[in-house]
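Hi,

Here is the structure I promised to pass on.

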Amino acid sequence: MKTIIVAVFQAFFFVNVFIQQGNCDVFFKRHTPKNTKILGFSWENCGKPADPAVLKSLDLSPDPIGIPGDVTASAAGTTTVGLVAPLSLNVTLEKEVAGFWIKVPCVEELGSCHYPDGCQLLDMLIPPGQDCPEPLHTYGIPCHCPFKAGDYSLPKSDFYLPNVDLPYWLTNGNYKVEGVLGSNGQELGCLKVALSLHSN
């Protein structure tokens, strides 16, 4: 979902593909609120100083982000090494409950999950040979492994987020998500995101 091969680009990719192509029911049990708002979105790199994959910038607006609704996003990141399969992804999802942060277990491949190869997930979502979804295609941002070393940039782009099915346990509250990208036992990058979710 969501952090991820060059930190945020894979996160953007997962969100974009799930929402725009309607594949959410692959991972989610159906529970469709009439309106969902994401408030207080923030992010930070959480990796080691020597990690090769680093997010340089990420901006989302407005705040709150309404679903359904429009969102404007821009991002930039870099990797000093090529990213090739298999790329492991360890995701830790926490929810604030009565002032304590509780780790959410992995349920139907959503939550605090380990994904052995993010490259395979990308191939499942967008078959190899198919054009990358917009706006990645327009700006020449790849959506399949391998990812060459270098700088990646998503200029300010507008998205429409339609109603989306949420898992039954993803209720109102404050959440933190940490994604660690790795290869051959070595950490490549780490991204931490915080947000509040409010649904009618």
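This is a predicted model: local features need pLDDT of at least 70, side-chain atom pairs count only at pLDDT 80 or more; totals for chains, interfaces and linings use all residues.

**What I found**

Cysteine 106 is partly exposed, at a relative accessible area of 43% (buried means under 20% relative accessible area, exposed over 50%, and partly exposed in between, with a 1.4 Å probe and protein chains only). Its disulfide partner is cysteine 113, with 2.0 Å from S to S; a disulfide here is a pair of cysteine sulfur atoms within 2.5 Å. Cysteine 113 is buried, with a relative accessible area of 4%. The link between cysteine 106 and cysteine 113 is right-handed, with 100° about the S-S bond.

Residues are numbered from 1 along each chain as its sequence is written, and side-chain values use heavy atoms, with hydrogens and water left out.

Searching the whole structure turns up four disulfides. Another of them joins cysteine 119 to cysteine 145, at 1.9 Å from S to S, and is left-handed, with -80° about the S-S bond. Cysteine 119 sits in helix H2 (residues 118–125) and cysteine 145 in the loop between H2 and strand S8 (150–161), so this pair ties together parts that are 26 residues apart in sequence. Helices (H or I, at least four residues) and strands (E, at least two) are DSSP runs, numbered from the N terminus. Cysteine 119 is buried at 4% relative accessible area, whereas cysteine 145 is partly exposed at 22%.

Then there is the disulfide between cysteine 132 and cysteine 143, at 2.0 Å from S to S. This link is left-handed, with -90° about the S-S bond. Both cysteine 132 and cysteine 143 lie in the loop between H2 and S8, so the pair ties together parts eleven residues apart in sequence. Cysteine 132 and cysteine 143 are both buried.

If you number the bonded cysteines in sequence order, the pairing reads 1-8, 2-3, 4-7, 5-6.

As for the fold, the protein chain has two helices and ten strands, and its pattern along the sequence is α-β-β-β-β-β-β-β-α-β-β-β. Of its 200 residues, 46% count as buried. Among contacts (heavy atoms within 4.5 Å) between residues at least 6 apart in sequence, 70% join residues at least 24 apart.

Cheers
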